[in-house]
Amino acid sequence: MTTPAQNPILHVVDLAKQVTLNGAALTILHPTSFDILRGESVAIVGASGSGKSTLLGLLAGLDLPSQGEVWLAGQSLAAMDEDGRARLRGELIGFVFQSFQLLPMLTAVENVMLPLELNAVADARKRAQYWLERVGLVDRQQHRAQQLSGGEQQRVAIARAFAVNPALLLADEPTGNLDSETGARVIELLFELNREQGTTLVLVTHDDQLAASCGRRLALRAGHLESRT
């Protein structure tokens, strides 16, 4: 077991993922190692099917690797059970998923409040309303998620991720369902969070503007990490 030499927020050692398909082993992510320092902004880029979303899930401990390990804030995810990983995620990570992961029967504000209430945050509603205003949805806060458009649901998901004041924000195509004006506003919010609160950003994206705004890129091709520019 390799321990981090310094204190990066993410320390990745020989991480790989294989699955079995029709009785044959398929490698989705070949062994790779890298560090992401606190306060960095990193874009994970590559063609569809290159392993970007798989890597993001492994970094969060939402999926388990076939080999290697991930250290999150100095703690090995491999050494924890699922409850331990979930607890650490709740303390440190905000997520923006491509599929939004909203509860359809809850209102926009209730969806943003949910992780705050799970963490026993006293001013959950006030904080949720603040972030819905920041993403331009204060007038839609009482609408159920199922009544919102895809772009509006994406903005609710982004507000929910910001509301927990995460040390690490993981986002899978955060501007993918947004028009150009709203996408630009979300990019601005992402980097305000990075600057003002020192939040580390790790973003899977096809958006050239978003990738160019990040301090570094991890480029994947067919499951291989090709460059760290």
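Author: Rings of Phe, Tyr and Trp, the last taken by its six-membered ring, pair if their centres lie within 6.5 Å. Planes under 30 degrees apart count as stacked and those over 60 as edge-to-face. The model under discussion is predicted.

Reader: Which residues do ring pairs link into a cluster?

Author: The structure holds 3 aromatic pairs. Ring pairs join three side chains into a cluster, namely Y130, W131 and F162.

Reader: Are the rings of F95 and F97 stacked or edge-to-face?

Author: The ring centres of F95 and F97 lie 5.3 Å apart, and their planes meet at 10°. Planes under 30 degrees apart count as stacked. The pair of F95 and F97 is therefore stacked.

Reader: How do the planes of Y130 and W131 lie, and what is the class of the pair?

Author: The centres of the Y130 and W131 rings are 5.1 Å apart. Their planes stand at 80°, and an angle over 60 degrees sets the class. The pair of Y130 and W131 is therefore edge-to-face.

Reader: Is W131 buried or exposed?

Author: Y130 has a relative accessible area of 40% and is partly exposed. The relative accessible area of W131 is 6%. Buried means under 20%, so W131 is buried.

Reader: Is F95 buried or exposed?

Author: F97, the stacking partner of F95, has a relative accessible area of 27% and is partly exposed. For F95 the relative accessibility is 16%. With the limit at under 20%, F95 counts as buried.

Reader: Which element gives the largest share of the lining of the largest pocket?

Author: The largest pocket has a volume of about 500 Å³. Of the 19 residues that line this pocket, those closest to its centre are I93, F95, P115, L118 and R160. Two or more lining residues come from each of α2 (82–92), β6 (93–96), α3 and α5. The largest share, 4 residues, is given by α3.

Reader: How many residues of the lining of the largest pocket are nonpolar?

Author: The lining of the largest pocket is divided by residue class. There are 2 charged and 5 polar residues, and the number of nonpolar residues is 12.

Reader: What covers the buried residues of α3?

Author: In helix α3 (residues 108–118), the buried residues are A108, V109, N111, V112, M113 and L116. After the helix comes A120, with a positive phi near 60°. The cover over the buried residues of α3 includes α4 (124–134) and α5 (150–163).

Reader: How many residues of helix α1 are buried?

Author: Helix α1 (residues 52–60) is mostly covered. Its buried residues are K52, L55, L56, G57, L58, L59 and A60. Just after α1, G61 has a positive phi of about 75°. The number buried in α1 is 7 of 9.

Reader: Which strands stand at the edges of the open sheet of 4 strands?

Author: The order of this sheet is β2-β1-β4-β5, with antiparallel pairing. Each edge strand has a single partner, so one of its sides is left without a neighbour in the sheet. The edge strands are β2 (24–36) and β5 (75–76).

Reader: What is the bridge partner of V19 in β2?

Author: Strand β1 (residues 10–21) pairs with β2 in the antiparallel sense over 9 bridges. Their hairpin has 2 residues between the strands, and N22 takes a positive phi near 55° there. The bridge partner of V19 is L26.

How values were computed
Residues numbered from 1 in each chain as written. Predicted model: local features only at pLDDT ≥ 70, side-chain atom pairs only at ≥ 80, totals over all residues. Heavy atoms only, no water. Buried < 20%, exposed > 50% of the residue type's maximum accessible area, 1.4 Å probe, protein only. Contact = heavy atoms within 4.5 Å. 1 Å grid on protein atoms, 1.4 Å probe; cavity = no way out; pocket = protein on both sides within 12 Å on 5 of 7 lines; lining within 4 Å. Points joined across faces, edges and corners; volume = space filled by probe spheres on them. Nonpolar A, V, L, I, M, F, W, Y, C, P; charged D, E, K, R; others polar. Pairing = 2+ DSSP bridges.
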